[in-house]
Amino acid sequence: MVRALTRTMWTADEIAQLCYEHYRTRLPKQGKPDPNREWTLLAAVVKIQPAANQAHGITNKPAQVMKEVVSMGTGTKCIGQSKMRKSGDILNDSHAEVIARRSFQRYLLHQLHLAAALKEDSIFVPGTQRGLWKLRPDLSFVFFSSHTPCGDASIIPMLEFEDQPCCPVRRDWASKPSEASGDLEAPEDTERCEGLCSPVTKKMRLEPRTPDGVAQHQSFGHQESGPVTPDVSGSHVTAQEQAPVTRTAPGGVKVVDVYRTGAKCVPGEAGDSRQPGAAYHQVGLLRVKPGRGDRTCSLSCSDKLARWNVLGCQGALLMHLLEEPIYLSAVVIGRCPYSQEAMHRALTGRCWNVSALPKGFGVQEMKIQQSGLLFEQSRSAVQARRADGPGRLAPCGAAISWSAVPEQPLDVTANGFPQGTTKKAIRCLQARSRISKVELFRSFQKLLSSISEDEWPDSLRLRKLETYHEYKEAASAYQEAWSALRKQAFGSWIRNPPDYHQFK
């Protein structure tokens, strides 16, 4: 099932401005970066619904929509595999996009509570089968990120008329893969290089601008406005998809280099050539997020967004109660290095030929647009304010989660636990993020307990389920779709062993 693009009734700048204002006014100072020394990434989910006149069929006025931020996340970090826990009480991945999506799941849980209690203000309406709900047809969701997602979408062609924004590739980088530029926790010599010739600030200065002041980016398509032993199978990426970035852009402009990502190819993928210039990276590959020393098992945000575009943002648990997945209708990126071609390739192109999915699932033809508005705490914005200020620019160590829920909407974490948690307190209930696996599972169980068992869907009534793993596996349509996606596109996806999902 592929959903056709619908006419946009909002602009990318409106989405970005709404999210930046929400960040400034609704998020606390706690967890935000030091404005002159630290930077962070921002992501959010925005609910779009027609204004009253459109909802009632009055169309003699210009189309208007109501826009509301329903989840938000900040963050730049993820933990190494040695710090992962089988109790489900730690956040493995605290990149902003992942925090925003998990915060969105909290919002969806709350909305299902409202629906089950027959409250009229829920985003859900009864489905056609017992115990199942579906999204109101007039609603949609837009995903916003202040920066291009890490991984494949960040491998951006660089044209010959631009100044060279990357430091020369040294021969010893081939034997020191952690020193690739673009690593969110890059070594000191790489950070020094980026300070001298920052690809972010230099690219934004060089790009020609359109009359409305939005940077005209090098879009090669149409701009539409204990240790873990990972389960890894062989790659299904074709030789064409593994090719380096094309050497010539439309119009014959030569591609001389690429912006580089610190995300490393997963085991089983072909790997990067690491040759100087445009051939440095192979595109279309699955990648894991970088870490200092201890390798992570967290797939890049490009890969996760591509997965959500096929399986939905709700995850396996909530699929028990939903007739259809909850998809994003659009992705909007803030002002930063950007390529429309790379975004389409990373988020939709790699999965475009996936077929034989269960009813309701499909590769979505979501809109991908960029705003010309810069996030005030982005790396380039802070770098510009600092000029030649003392000290090193560093990524903020904290992550903020916000959900549009009535009780305790905020959650501030560091190293995967609530900020300030001591080693002694780690096993306490208070030392759990509200968006950790175990807490989202607890919220799901609480939702089920509020519904009479004879109103449960068949997937929950036909057998007794206890562990998190059992509940996830029992969402048969979701698991069938996920299996098809892995077999046809993402065969090397790293999966945590089942014993990391045995908590109750």
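The structure is a predicted model, in which local features need pLDDT of at least 70 and side-chain atom pairs count only at pLDDT 80 or more, while totals for chains, interfaces and linings use all residues. Residues are numbered from 1 along each chain as its sequence is written, and side-chain values use heavy atoms, with hydrogens and water left out.

Side chains of opposite charge can pair when their charged atoms come close. With a salt bridge taken as a side-chain nitrogen of Lys or Arg within 4 Å of a carboxyl oxygen of Asp or Glu, the count comes to 21 salt bridges. One of them joins Asp 303 and Arg 350, whose closest N and O atoms are 2.8 Å apart. Asp 303 lies in helix α6 (residues 301–311) and Arg 350 in the loop between α8 (340–347) and β14 (367–370), so the pair ties together parts that are 47 residues apart in sequence. Here helices (H or I, at least four residues) and strands (E, at least two) are DSSP runs, numbered from the N terminus. Both Asp 303 and Arg 350 are buried; buried means under 20% relative accessible area, exposed over 50%, and partly exposed in between (1.4 Å probe, protein chains only).

Two further salt bridges involve partly exposed residues. Lys 86 and Asp 499 meet at 3.0 Å, N to O. The relative accessible area is 45% for Lys 86, which is partly exposed, and 35% for Asp 499, also partly exposed. Arg 136 and Asp 138 form a salt bridge at 3.1 Å, N to O. Arg 136 is partly exposed at 22% relative accessibility, as is Asp 138 at 30%. Elsewhere, salt bridges link Glu 21, Arg 24 and Glu 376 in a network.

Aromatic pairs were also counted, and the structure holds 14. In the Tyr 23 and Phe 375 pair, the ring centres are 5.0 Å apart and the planes stand at 80 degrees, so the pair is edge-to-face. Rings of Phe, Tyr and Trp (its six-membered ring) pair if their centres lie within 6.5 Å; planes under 30 degrees apart count as stacked, over 60 as edge-to-face and the rest as tilted. Tyr 23 and Phe 375 are both buried. Phe 444 and Tyr 471 form another edge-to-face pair, at 5.9 Å centre to centre and 85 degrees between the planes. Phe 444 lies in helix α10 (residues 437–449) and Tyr 471 in helix α12 (residues 468–473), so this contact ties together parts that are 27 residues apart in sequence. Phe 444 is buried at 1% relative accessibility, and Tyr 471 is buried at 9%. Phe 444 and Tyr 471 belong to a cluster of ring pairs that also includes Phe 441, Tyr 468 and Phe 503.

Charges also sit over rings (NZ of Lys or CZ of Arg within 6 Å of the ring centre and within 35 degrees of the ring normal). The charged end of Lys 32 is placed over the ring of Tyr 23, 4.4 Å from its centre. Arg 486 lies over the face of Trp 482, at 4.9 Å from the ring centre.
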